[in-house]
Amino acid sequence: MNQRRTTSLFFKRGGGGGAHRREHMEKWITGKYINKFWITLLASFVCWLLLVFYLSDYNSREISTILQVVNRNNGAALRTRLPGNNLTLAAGLPINRTTHEESLDNDPPVPRNQTSEAQAAESIKEIVISKNGTTEYYHIPIVKNKEEDVPADKEGDIGLTGKETKEEVVPQAKQPEDDRNAACAGRYIFVHRIPRRFNEDLLRDCKTLSKWTDMCMFLSNKGLGPQLANTDRVFSNTGWHATNQFSLEVIFHNRMRQYDCLTEDSSLASAIFVPFYPGLDVSRYLWCCDAATKDAAPKDLVKLLTRRPEWRRMRGRDHFMVAGRICWDFRRPANSDWGSTLMLLPETKNMTTLVIESSPWNNSDVAIPYPTYFHPSSDKEVFDWQYRMRKVPRTYLFSFAGAPRPDRPGSVRDLIIEQCREARTCFLLECGIGRSDCHNPSRLMKMFQSSNFCLQPPGDSFTRRSTFDSILAGCIPVFFHPGSAYVQYMWHLPKNFNKYSVFIPMDRVKAGNVSIEEELMKIPARRVIMMREEVIKLIPKVIYADPRSKLETLEDAFDITVKAILSRVERMRERMREGKDAVEGEPDEQVTWKYNLFGVTGNHDWDHFFSGQM
C-alpha cells in the first residue's frame, strides 16, 4: 500500500526523473499489448489456413454425410445437394409456351423454381410434350448451381456406378450371420444381375427416352427429379421434387438397393427382383417403330431369365419387376401398334408386374401408387406435413383440375367441368390450350389444400396421378368409376372405400340426375372431418421416401409393396408344396376385380362398369 502510494506521488510531483520514467513505462505497456495483438492475429491466420487445408481433403459427398449425421443427432433431417444434382429451377419466372392441350393424367409436371430471378436468366430449358398428336412447348428458366454442367449420368445423380461392365453391379448383402438371419427370415430378396442395356444404359441415354420430354432432368436425384422451391409456401422446405409420374422404376430400384434383407445367395431368397425398366424402354418406341423393335427387350429378357436356375425353382412365380406405366402400355392388342406385349408373354404371366394401373381382368399385374412430389427423408418430415394438412383452412367444397376428353365418347369430364363452372363452391383449374397451371406443382397443391373434396374422374385410362397428389394434400377423393382406385390399389388403400372417399357413379352424372355439389353438401361436417383424417393417415402409405435415406418407424409405399410381394409369393409357394398349380382355386380372370375386392364372384352392381375390357 505504501509502495503504491509513493509511486503515485513520485509521478505526480515529477521529481527524481519521474517524467522520463513515466514515458518509458507507457512505451513498455503499449509495446507489450501491440506484440500480443500481432501474435494473436498471426496465430488465427495460421489456424484458418490449417482448417481450409483440412476441409479440402474431404470431397463434398463426405461432407454431406457428416452434416447429415450431425443433423440427425439433433433430431432433424438435413437435405444436402450432392455434386451430381446441379440443376435447380429459376424462381418466380413465368412459363412461356406455344401450342398446348393439357392432360393432367399423363403429362409430366412443369417443375417449379429454386433461385433468384436474376440467376434464372442464365439459361432457358425447353421441354416439349406431346399427347394424342398435340404438341406443347414449355420454356422453363434453369439455373446452374455450379459453374459447369454435370451430365445426368454421373454417379450420385441417378445412381450409376460408372463401371463399363456387361451386367449391372448390384450391391447385394453379405452372407447372412445368425442375428441377421433371424431378422430377415422370410424377407430375403435376391436381385438378378442383368445386362445394363435393360436398365442403366437407358438412363445414360435418357435423351432418347421421350420424343417430347427431357427425361434427363426428371430422372435426376435417384429418379425424384429436380428439387422444388417453396416460394409459394405450399410445400415444406425439404423433400419436394418435380417427380415425373413415369419414373417409378428408377425410384423403386434405388429403394431396393437400400433394402436391409438383400442376399447374394438366391437359395435363401423368398422373392427375386428383376431390375428391368420396361416403361422407359417402351417409351422410346410409343410413337414409332415396328412391333419387333418394341418387343425386342422384353423377349430378350425372358430368354435370359428362363436359362437361370432361379427361374426353374418356381417357373418364375417368385419373380417380380416394376413397369412404371399403366398396364395397357404393355398389352398391345393384335389390331394396335401402341406399346409392347411384355405382359402377354407366357413367361411374364408367371411373374408379378407392379404397375401404376393394373388390369381388373388379370392376375399377373398389381397396381401400386403413382409417385408424388413428396419424398421425405425422416419420419418427422411426414408427421409435420400431416399436422399441417390437418390445420390448413379449406375454403372450397370441391375442386377439379383437368381437361375435357372430347375424343372419348364415354368420358364424363365435360359434364363435371360444366357443373364445377356453375357451382359457387368449386375451384376449377381448367387445362387446355394457353393454360399452364395444370403443370405447376405449386398451383395444383394449393388448389388441393384449399378444398374438402377433389374430383377424380377417369381420363385416358381408369386412374390418375392426381388422386395421390390430392391425398397428399388431405383432400377427400371423389371417384366416378370403381376402376379408378377401388379395384386397383388394394395393398395401399382400405377396402372399405367409404372411409376415405366418395363414390358418385358416372352413369348417374351422364344421365343428368345428380348434382355433384348437392351430393357433397349432404355429407355431415362431422363425417367430413373423419374422412379427412382417414385420408391424412394414408399419406405415408402412398408416398415413396427419398432413396438416399430411410424412414425410422413409418412404412411407405415401397415397404408396403415389398411386404405384400413376399406374402403373395409365399402363398404361391405353399400351393406348389401341396402339389397344386399356383393359380388353382383362383377365380376366372374376368372376375378378378370382384374376388379381390369383395371375396365373392356373384352378381354385383358394378358389373356394368367392367362389362368390356379396355
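The model is predicted. In strand 9, Ala367 is the bridge partner of Val355. Strand 8, residues 352–355, runs parallel to strand 9, and three bridges join the two. Both belong to an open sheet of five strands, ordered 5-6-7-8-9, with parallel pairing. Its edges are strand 5 (189–191) and strand 9 (365–367), each of which pairs on one side only. On average, neighbouring strands in this sheet are turned by 30 degrees against each other, direction ignored.

Two helices lie against these strands. Helix 8 (residues 248–257) packs on the sheet and touches strand 5, strand 6 (271–273), strand 7 (319–322) and strand 8. The direction of helix 8 makes about 130 degrees with that of strand 7. Helix 20, residues 557–577, lies across strand 5, strand 6, strand 7, strand 8 and strand 9. Helix 20 runs at about 155 degrees to strand 8.

Another open sheet has five strands in the order 11-10-12-13-14, and its pairing is parallel. Here the edge strands are strand 11 (426–430) and strand 14 (502–503), each pairing on one side only. Strand 10 (residues 396–402) and strand 11 run parallel and are joined by five bridges. Within strand 11, Cys426 is the bridge partner of Phe398.

Helix 19 lies across strand 12 (451–456), strand 13 (476–479) and strand 14. Relative to strand 13, helix 19 runs at about 100 degrees.

## Helix 13 against helix 19

Helix 19 (residues 525–538) also meets helix 13 (residues 379–391): their axes come within 10 Å and cross at roughly 160 degrees. Angles over 145 degrees count as roughly antiparallel, so helix 13 is roughly antiparallel to helix 19. The crossing is right-handed.

Helix 13 contributes Gln386, Met389 and Arg390 to the contact, and helix 19 contributes Glu533, Ile536 and Lys537. By class, two of these residues are nonpolar, one is polar and three are charged.

## An aromatic pair

The structure holds 24 aromatic pairs. One of them joins Trp287 and Trp338, with ring centres 5.3 Å apart. The planes of the two rings stand at 85 degrees, so the pair is edge-to-face.

Trp287 and Trp338 are 51 residues apart, and their pair links distant parts of the chain. Trp287 sits in the loop between helix 9 (278–283) and helix 10 (291–306). Trp338 is in the loop between strand 7 and helix 12 (346–350).

Notes. Residues numbered from 1 in each chain as written. Predicted model: local features only at pLDDT ≥ 70, side-chain atom pairs only at ≥ 80, totals over all residues. Heavy atoms only, no water. Pairing = 2+ DSSP bridges. Helix = DSSP H or I, 4+ residues; strand = E, 2+ residues; numbered from the N terminus. Axes fitted to C-alpha atoms, helices over the stretch in contact; angles between N-to-C directions. Contact = heavy atoms within 4.5 Å. Parallel < 35°, antiparallel > 145°, perpendicular 65-115°, else oblique. Left-handed = near helix turned anticlockwise from the far one by under 90°. Nonpolar A, V, L, I, M, F, W, Y, C, P; charged D, E, K, R; others polar. Phe/Tyr/Trp six-rings, centres within 6.5 Å; stacked < 30°, edge-to-face > 60°.
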